[in-house]
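Trainee: Could you take me closely through the sheet of this protein, and then through the aromatic rings that go with it?

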Amino acid sequence: MHFLLFLVFILMISAASESVEIMEEYDVKTALTLNLAVLTEWPEGTFARSDSPVNLCVIGNTIVQEAFSRISDKKVGSRGLIVSDVTRSRNFDQCHILFHGTQDRIRLSQVYDATVGKPILTIDDVEHLSTFKSIVNLQKGDDKMELYINLNLAERAGLKISSRVLKLAHIVP
């Protein structure tokens, strides 16, 4: 009986450790998303007013939502930041940034179809670049987060990503 309790305890610690690691990974992805927001220029007319907030829309599970909710009081330049859960939405027109934090390729394809060519900075963390359909893809490397940027999609959306970001990124066709 003691052995069984010990085994359950070890499994719980292992699961908790993995959950903490995933939370830390999304904290890094959140920080990168915020920095990308600051270093991206949207086309004129994207925002209703000069003080309109940046709408950061998030698709993902509870861990993803919690990580992004922690930056909802931050600034993007002189603009405020509004973080919204759009996991169940099909309309992304109110989004300036859309982070897709799930490996659901069908949903990612729907998001891509709904946002391509619109001034929305789309970011995902899909593991296989062959299905990479967002402007930015974040990949966990051996010791750091890797940044992949599709400049063709950024140009179609009318977005200009700072050369400071591009120097650090892998540019994909």
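Mentor: In the protein chain, residues 24 or more positions apart account for 58% of the contacts with a separation of 6 or more, a contact being heavy atoms within 4.5 Å. This is a predicted model, in which local features need pLDDT of at least 70 and side-chain atom pairs count only at pLDDT 80 or more, while totals for chains, interfaces and linings use all residues. Residues are numbered from 1 along each chain as its sequence is written, and side-chain values use heavy atoms, with hydrogens and water left out.

The protein chain has five helices and ten strands; helices (H or I, at least four residues) and strands (E, at least two) are DSSP runs, numbered from the N terminus. Eight strands make up an open sheet with mixed pairing, in the order β3-β4-β2-β5-β6-β7-β8-β10, where two strands pair if DSSP finds at least two bridges between them. The edge strands are β3 and β10 (170–172), each of which pairs on one side only. Helix α2 (residues 62–69) packs on this sheet and touches β2, β4 and β5 (97–101), its direction making about 160° with that of β2. Helix α3 (residues 105–115) also packs on the sheet, touching β2, β5 and β6 (121–124), and its direction makes about 170° with that of β5. For these angles, axes are lines fitted to C-alpha atoms, for helices over the stretch in contact, and the values run from 0 to 180 degrees between N-to-C directions.

Let us now look at how the strands pair. Strands of a sheet pair through backbone hydrogen bonds, either parallel or antiparallel. Strand β2 (residues 54–60) runs parallel to strand β4 (residues 79–85), with five bridges between them, and Leu56 has Val83 in β4 as its bridge partner. With strand β3 (residues 75–76), by contrast, β4 pairs in the antiparallel sense over two bridges, and Val76 stands opposite Arg79 in β4. The hairpin of β3 and β4 has two residues between the strands, and Gly77 takes a positive phi near 65° there.

Arg79 leads on to the rings, since this residue also lies over the face of Phe47, at 3.8 Å from the ring centre; a charge sits over a ring if NZ of Lys or CZ of Arg is within 6 Å of the ring centre and within 35 degrees of the ring normal. There are three aromatic pairs, counted where rings of Phe, Tyr and Trp (its six-membered ring) have centres within 6.5 Å, with planes under 30 degrees apart taken as stacked, over 60 as edge-to-face and the rest as tilted. Trp42 and Phe47 form an edge-to-face pair, at 5.9 Å centre to centre and with 75° between the planes. Trp42 is buried, at a relative accessible area of 11%, and Phe47 is buried at 14%, where buried means under 20% relative accessible area, exposed over 50% and partly exposed in between (1.4 Å probe, protein chains only).

The rings of Phe68 and Phe99 have centres 4.7 Å apart and planes at 40°, so this pair is tilted. Because Phe68 lies in helix α2 and Phe99 in strand β5, the pair ties together parts that are 31 residues apart in sequence. Phe68 is buried at 0% relative accessibility, and Phe99 is buried with a relative accessible area of 0%.
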